[in-house]
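Please have the structure open while reading.

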Amino acid sequence: MTDRERARMLDEADPLADYPARFEPAPGVVAYFDGNSLGRPVAGLAEELVRFVRHDWGTRLIRSWDEQWMGWPEETGDLVAAAALGAAPGQTVVADSTTVLLYKLLRGMVAAQQQEDPARVELVLDTDNFPTDRDVAEGVAAERGLRLRWIEADPAAGVTLDQVRAVVGERTAVVLLSHVAYRSGWLADGPGVTAAAHEAGAMVLWDLCHSAGSVPLALDEWGADAAVGCTYKYLNGGPGAPAFGYLARRHQDRVRQPVQGWMGRRDPFTMGPGHEPAAGIRALLSGTPPVVGMVPVRAGVRMLAQAGIGAVRAKSLALTDLARAVVAGWPEEWGVQVASPAEPARRGGHVTLTHPSFADLTAELWRRGVVPDFRAPDGMRIGPAPLSTTFTELYDGLMVLHDLLAERDGARR
Ligand SMILES: *Cc1c(COP(=O)(O)O)cnc(C)c1O
């Protein structure tokens, strides 16, 4: 059996086989490999947006705030929590961007920790986290006079439990880590890291950007403290869609976020003096929520809830298995390396390949309708979103890459 036949059989047996057709068609695209960076729009979203403009906004006008929008940050947060986070209602909001929510939570968590124990002056993070996470941590550290404790992460793997155990202690205020590493796709040990940090009296802030909608999460079961993530990757919320923030119920009175604003007040419409935060997770809000941006998020999350994260994860592993198997069959002298974990238990939703020519080849792939992304210095991420990608699409896209590498190798000889 050829690899393409194998891909066809996988499609035939796929319990999620009817999902790819439930996205907007993308004419000219042979294979989309960037579902881990920008998910595709679900079919019917255009009509939903038109209805939103004509009816909810255009006709109901300001009445829609009372009728529905005021509650959307928490309501949409609960949808995300149920479909993707393994979290009970009342602990998640949709608002701001990941970067802003990271800041608000991290700063609030550090303050809460230091109020109880001023000796907690360290923030633990890793060298390979996404730039915005490092930037926010550096900013909070400068603001609060904290020391950054850097874990040196293997760029082809990620932060291990042993590495976390070795740095957390009585000086640690907060540990900030990505659950799935944006570069390698390494899946960190969520419950293990959480428990190790808690033993040391530290809190953990998880970045779930590459996890939500891709790997099952059980934040409540882990005893997680707080988390953030974007909705425009595997949750199909669209470019610049608002992020989600989770703060465990037990911390909601204790952690006060620093960007206090009227939408996070106890009663926004009395317009009185003095900020008294709203009860519960609503206090994480600052100003007017990004309502328009939540329309696609709600559509994407509804689809995920229907498919079920367990089925999504099973297909995701089968997709990345196929990608690994196809690339393993390429001539060794081409020098294409897989810079992602082989072990399924440590593998997120994408596979990263490395090759010195990838910076040039990515542009040619885009011209040929194959759309991965390039991450300097030499990484190409293959991120096949399980709901919108077929096995044959994955195979065909990889074959276009194969042919480009073969042409290049032929030209060199
Ligand atoms: C995509 C991503 C972000 C993006 O943050 P924005 O505020 O939405 O730009 C942050 N962290 C990680 C790990 C990401 O993968």
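In this predicted model, Asp189 caps the N-terminal end of helix α8, with a side-chain oxygen 2.8 Å from the backbone nitrogen of Gly192. The points below start with that helix, then turn to ring pairs and to arginines.

**Helix α8**

- Helix α8 spans residues 190-199, and its buried residues are Gly190, Gly192, Val193, Thr194, Ala196 and Ala197.
- Just after α8, Gly201 has a positive phi of about 80°.

**Aromatic pairs**

- Six aromatic pairs turn up in a search of the whole structure.
- Trp65 and Trp69 form an edge-to-face pair, because their planes stand at 90°, with ring centres 5.3 Å apart.
- Trp65 is partly exposed at a relative accessible area of 23%, whereas Trp69 is buried at 6%.
- Phe130 and Tyr182 also make an edge-to-face pair: the ring centres lie 5.1 Å apart and the planes are at 80°.
- This second pair links distant parts of the chain, as Phe130 and Tyr182 are 52 residues apart.
- Phe130 belongs to the loop between β3 (122-126) and α6 (131-144), and Tyr182 to the loop between β5 and α8.
- With a relative accessible area of 30%, Phe130 is partly exposed; Tyr182, with 8%, is buried.
- Ring pairs also join Phe52 with Trp65 and Trp69 in a cluster.

**Arginines over tryptophan rings**

- Arg298 places its charged end over the ring of Trp72, 3.8 Å from the ring centre.
- Arg346 lies over the face of Trp186, at 5.7 Å from the centre of that ring.

**Arg282**

- Arg282 is in the loop between β8 (243-247) and α10 (291-307).
- The relative accessibility of Arg282 is 11%, so this residue counts as buried, the cut-off being under 20%.
- The Arg282 side chain reaches the backbone oxygen of Met70 at a distance of 2.9 Å.
- Besides Met70, the contacts of Arg282 are Pro73, Glu74, Met263 and Gly264, leaving aside neighbours within four places in sequence.

Definitions and conventions. Residues numbered from 1 in each chain as written. Predicted model: local features only at pLDDT ≥ 70, side-chain atom pairs only at ≥ 80, totals over all residues. Heavy atoms only, no water. Buried < 20%, exposed > 50% of the residue type's maximum accessible area, 1.4 Å probe, protein only. Helix = DSSP H or I, 4+ residues; strand = E, 2+ residues; numbered from the N terminus. Polar contact = N/O pair within 3.5 Å; in protein donor to acceptor, adjacent residues only side chain to side chain. Phe/Tyr/Trp six-rings, centres within 6.5 Å; stacked < 30°, edge-to-face > 60°. Lys NZ or Arg CZ within 6 Å of the ring centre and 35° of its normal. Contact = heavy atoms within 4.5 Å.
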